[in-house]
Amino acid sequence: MGASIGVVNGDTASMKGKRQGTHFWFHGCALSVLLTCLSSAAVSCAAVSSPTLSSPAVASYATTPTEPFSDQQEKPVDLEQLRSMLDKSGPEGKADRVSAVQQLLALPKREAHRLLHERLRSKDPDGLRQTILEGLGVHLLGNPSTQFGGADETLRKVILTGYLDACAPLWRDATDVEDVANQPVRGAARQALRRVPVRELDVAARTLMTRNAPLDRVLVLRCLADMQQTLLAKTIADQLEAPEDVVRLGAQKALQLLTYADTPIRTKADFDAWFAQFGSMRYVDLVERVARNAPSTYSRLSEQLVQLRVESARELVTVHIAAKSGIDWAAVQARTFSDGRPVLDACLQALQGVLVKGTAVDGAAPTRQAFCRALLDRFGLVGVSTDPTIQKRRALLIEVAAYLIKAEETEFANEIRTVLIAELASSSPASQVAALRGLRRFPSPEARKALVKRALQVLAASKGKQEQLKIMLETLAAPREPRWFAPSPGDPDLADWLQLIDTSCRAAKDLGLRQKALLLAQVTDRAGARVPDAFGTLLTLAMDVKVETNFRANCLIYLKAWRSDEPLAEQWLLALHELLSDDEQPVRRQAAESLVHLPNSKDDRRDGWFKTTLEVIRDRLLVERDEDVLKALVNCVTAIGAEAQMSEKTIGALKTVLSGLGSPIKPEHTFRMKPLLRALSTIAAGANTEPGQWLAACEPLLSNTERGLLRVVLGSHDAISLAKDVGSADKALVDRSCKAMRYLIEAAVLKPASTAWSSSSDLKNEARDVRAAFEALDKADTAQRLDQPKHRLVRLTVDLAAGKNAEVVARATTWLKATGAAGPQDVAYSDHMRFLTAEAQLALKQPLKALTVLETRSATAAATAEVLDLSSRIANDLVAQKELARAVEVFERTMRATATENPQFRRRLLDWMKHSIQHDQKNREATLAEGQKHAALFEAADCPAPLREAFKQLQSAN
């Protein structure tokens, strides 16, 4: 039966060498399939109705018990003994093997059947697999209720799934057409599985589809294809959507073997369409139908054979030319012209697909040129036609011929260049495109002239030729070898070349030509120079307000290429200056961004350009309304400021702009401040900036409270290193030194009070420099010093951070005595100074003095977190010095000044309770009562465990 199925199937992959027969052969095979199916069905029916068969293989199992279940309950079977019986070899062990198979098949035990499954998958020197399969076939003829020892439904499903899984590998090497007599084991498996009720077989197959590896699932599908049951087609079709390619391909082949579909079923949609028409037919009906339709099937097979020849030729040619060297062009030519037009077209397409990717071709010149000559001769025989197939063939012939010739092979190159140029005017779009691609390999002034002329003609015609125009522009601007050069001055096609750029740039945006035209404008001539007139073309486009805004800006990007061209550089610069005032934001922005590259110019005039550019930008910074354009302008100033001898001019320009914004700054100018100040800091911090120059940049940064930017400038020039010059005899040097010291101190004044000097290494270093700056100014004239209250407080804090506690106490005491006014600012200043003094006294281990100073703060002084923290530390030091009474007072005052929601409240409450009770046991009851008011705080989830435990201990202590 397998042979018949394979013949009718029509699967292309297995037809090589087997299906090239006549119409009568095919019709006879299909008829034999039908007869075989009918006889198989008759035998199956007879087998079911008669327990005894005449077949020798079946007769040997005539004694199979029909009700083994009860026997098994009375006499438990020893599986190990049955295993050893299966393992007996040779003719003398055959009876034991057959007996073991019979007994195992009759057992309702998974382990028993697993033994048989294992043997079906193993090597078979004694024909045990055929014995098992023949025994299984006979066993399945019995009453289903007694099969497998009367196994229940669940166990039966497991057993049958196992047999299908074990049998499927037998189809690993199965062909569509095979001699069943030469495959007895697979034949026995086929016969046995066909006796399994089809719905149970379907369930088993679906189970295996969910758990088997892809290749194993393919074998199951191939097995199902031989079951002659159309019900199984749905199960196979489900695998058409499997994620694995190998499974989908296996499902397609299995469906073709089972359904004999006229058109191969490739997708689930294909199957649904087939099933709607033929799904109700029996397998025998499908076979009969294909037998009756043998003539049409033969026609289809003939078409498939032609396609096979075409594919074979394409593959052979592709393999030959895929190599980078040593191509056998004679073999390629022979295969290309070997078998009619379909093969010719396929080979040409394959050649074009590979050769179009490169600009060089390898292989021996004589055979390669001979192949080219043959293609040109064939091209001459293919006349101009409106038939798309002929047009495509003609195009492929000329394009492939062009790829076979090198530009240095002058005679051939001139000949084929002439043919390609002529084809540019062809009425066939395919020929035009092919000629353009081929012409890419043969640049010359004549070819460029013809290509530009044709491009202008196509542009004038406007519609439907975008692809040709793109290829033309790409060819003329090709960056790789062989190079196409731009026209030199005096070349006759220069005007047309420039017109092509201008017209393409002004073409509609959706044509996709503009960017390619911009690239063409960059192409150099044979001397390596860009075309000066192309600069003029792009500049005209950039200045033309009628041109789309974004494209004008794009033109400016490409104009940067001429900034090093001495005759045109200044024209470029002046145009950018003018465009900084353009009405369109993208144009202004691109003009500003282009000016950022001005420092890269090598022109001797660039120092003068810097000056004029700074003047233009300075004026523009005051009026530019767009934030992005403003940033680009500032970036340009920053780039110029990084140049030698330019920092003073750029700092001066920026200060002029900042002063021009007025004070206070109007809201509409606010967005200008940050970029301007950042640029000022960057330039001032530069390596080329002298002390007098960078110090001039500090005042605007200070007045605008830009501490970070000011610190960048001071740090980059190591400002504290100028402290040594305070005592110099050079007045200018002293003045610079004192300014640097003052800026160091003023920057420290801007530090947030909440950030401690000891919180980072940078702040520690700054505190050290600020102390040194104060000490340096102490040596200068009084007029140079900084002695305002804010400066005094900074000095005390940096001294405190440096551990100079005695100096803090002495200096603060002196300053406090000198404080006379009683205004709010003076009171706050005195309170802050007393706080710092108390900090220093505490650091000197003098908590009573610290407390005294702290308590002299004004009645209006705020109980800040820092003050409360200092009070707690003073109280703890008082405890250490046995001043318990004073400590309890401070603990209580600190606790009551702390809000209950403050995380520190619990700790301060515990400190007060503990030391209050310790100081006087009479206070115990009142103290505990006060603590009990806040007991819920210690039960809260956010309360640290040590605090909760300490509170409990206080409450429970006797």
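A nonpolar core is a set of buried Ala, Val, Leu, Ile, Met, Phe, Trp, Tyr and Cys residues joined through side-chain atoms within 4.5 Å, where buried means under 20% relative accessible area (1.4 Å probe, protein chains only). The model shown is predicted: local features need pLDDT of at least 70, side-chain atom pairs count only at pLDDT 80 or more, and totals for chains, interfaces and linings use all residues. Residues are numbered from 1 along each chain as its sequence is written, and side-chain values use heavy atoms, with hydrogens and water left out.

**View 1. The largest nonpolar core has 160 residues.** Those with the most contacts inside this core are Trp 329, Trp 497, Leu 621, Trp 694 and Met 741. Helix H38 gives the largest share, nine residues; helices are DSSP runs (H or I, at least four residues), numbered from the N terminus. Another core, of 72 residues, lies apart from it and includes Ala 112 and Val 287.

**View 2. Trp 497 and residues that it touches.** With residues up to four places away in sequence not counted, Trp 497 touches Arg 448, Val 452, Ala 486, Pro 487, Leu 520, Ala 521, Val 523, Val 531 and Ala 534. Contact means heavy atoms within 4.5 Å.

**View 3. Helix H25 spans residues 466-476.** Among its buried residues are Leu 469, Ile 471, Met 472 and Leu 476. The buried residues of H25 pack against helices H23 (429-439), H24 (445-461), H26 (494-505) and H27 (514-521).

Terms used
Buried means under 20% relative accessible area, exposed over 50%, partly exposed in between (1.4 Å probe, protein chains only). Helices (H or I, at least four residues) and strands (E, at least two) are DSSP runs, numbered from the N terminus.
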